[in-house]
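I opened the notebook for a quick walk through this model. Here is what I looked up, entry by entry.

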Amino acid sequence: MNTLTILALSWQHILIVAILLVLLFGGKKIPELMRGVGSGIKEFKDAVKEEDKPGSENKSSSDNSNNSSSN
């Protein structure tokens with residue numbers, strides 16, 4: 001079986017999930033949840049960008065050499 005067809009959602013499925021979310025969390029709580037998810041994604045992206053900077057590799061490699069020489 002193709003996994004993409006298993007994960008495909010029609011508009012009816014999305015509507016049912018949306019109704020369940022409103023029933024479970026209420027209309028006022030959903031924006032707060034989405035705001036939290038958005039800030040979490042933003043923090044993750046910032047951390048990935050920070051790790052990709054050229055200066056961060058030099059620091060981590062020098063820290064590893066210092067740790068291995070002390071052992």
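**Notebook: helices and charges**

I started with E51 and found E51 in helix α3 (residues 29-52). I take helices as DSSP runs of H or I with at least four residues, strands as E runs of at least two, numbered from the N terminus. I am working from a predicted model, where local features need pLDDT of at least 70, side-chain atom pairs count only at pLDDT 80 or more, and totals for chains, interfaces and linings use all residues. Residues are numbered from 1 along each chain as its sequence is written, and side-chain values use heavy atoms, with hydrogens and water left out.

Next I checked exposure. E51 counts as exposed because its relative accessibility is 60%; buried is under 20% relative accessible area, exposed over 50%, and partly exposed in between (1.4 Å probe, protein chains only). Of the 71 residues of the chain, 0% count as buried.

I then looked at the fold. I found four helices and zero strands, in the order α-α-α-α. Just after α2, G26 has a positive phi of about 85°.

Last, I searched the whole structure for salt bridges (a side-chain nitrogen of Lys or Arg within 4 Å of a carboxyl oxygen of Asp or Glu) and got one. Which side chains meet in the salt bridge? They are those of E32 and K29, at 3.6 Å, N to O. Both residues lie in helix α3, three residues apart, about one turn of the helix. E32 counts as partly exposed at 44% relative accessibility, and K29 counts as partly exposed at 40%.
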